[in-house]
Amino acid sequence: MKRLAVILAGSTLAMSGYAANWLEVSKSQTGSIFSLDLDSIERSDIHIIDEKAVENITVSIRRTYPAPKTVVIKDSKEKDSKQGKDKQTKETDIHHSDQQLLISCKDSSYYQRAYVNYAADDKVLKSWQSEKPILTTKDFKVTKPKTISRMLVEQACKSYQQDK
């Protein structure tokens, strides 16, 4: 069952990547680019048990990482400290990450439903999908003002309201 959930998460996010209308929202200090797929924004039919009157939306976002950097890791067995082995760090192997968020525009909060991390050749490195069948407002992360997550949530809500 878990394998099926991973396959579904991957296929849902992969399909959103092909028919995407990506809007760049922000760039981090480390060089990551954050975008949202305007075509993926839609009203969600997922209800939150303790928040009945709120209309939530779903959206696909993408984080594109900066070009990988090679770091030198010193082998402790070697006596000459100038020699080392070039090795890429695990984090820099990710080229981009697509995520599906459930957003509450009421309080600028979100719940991450799924993500897929891709290599530069679009090979799937890791995927995950939430297995929570029921959500409450406590499952949502409230974004802080002047953060990238707040900018993404606000842009998704603004785009949804304009298209409504």
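Tutor: We shall take the disulfide and then one asparagine. Please keep in mind that this model is predicted.

Student: How many disulfides does the structure hold?

Tutor: In general, a disulfide is a covalent bond between the sulfur atoms of two cysteines. The structure here holds 1 disulfide. Cys105 and Cys157 form the bond, with their sulfur atoms 2.0 Å apart. The pair links distant parts of the chain, 52 residues apart: Cys105 lies in the loop between strand 7 (96-104) and strand 8, and Cys157 belongs to helix 2 (residues 148-163).

Student: Is the link of Cys105 and Cys157 left-handed or right-handed?

Tutor: The angle about the S-S bond is -100 degrees, and the link is left-handed.

Student: Is Cys157 buried or exposed, and how is Cys105 classed?

Tutor: The general idea is to compare relative accessible area with a cut-off, under 20% being buried. Cys157 has 10% relative accessibility and therefore counts as buried. Cys105, in contrast, has a relative accessible area of 28% and is partly exposed.

Student: Where is Asn117 found, and what does its side chain make a polar contact with?

Tutor: Asn117 is found in strand 8 (residues 109-118). With a relative accessible area of 10%, Asn117 is buried. Its side chain makes a polar contact with the side chain of Ser97, at 2.7 Å.

Student: Which residues is Asn117 in contact with, leaving aside its neighbours within four places in sequence?

Tutor: With those neighbours left aside, Asn117 is in contact with Ile94, His96 and Ser97, and also with Lys123, Val124, Leu125 and Lys126.

Methods: Residues numbered from 1 in each chain as written. Predicted model: local features only at pLDDT ≥ 70, side-chain atom pairs only at ≥ 80, totals over all residues. Heavy atoms only, no water. Helix = DSSP H or I, 4+ residues; strand = E, 2+ residues; numbered from the N terminus. Buried < 20%, exposed > 50% of the residue type's maximum accessible area, 1.4 Å probe, protein only. Polar contact = N/O pair within 3.5 Å; in protein donor to acceptor, adjacent residues only side chain to side chain. Contact = heavy atoms within 4.5 Å. Disulfide = S-S within 2.5 Å.
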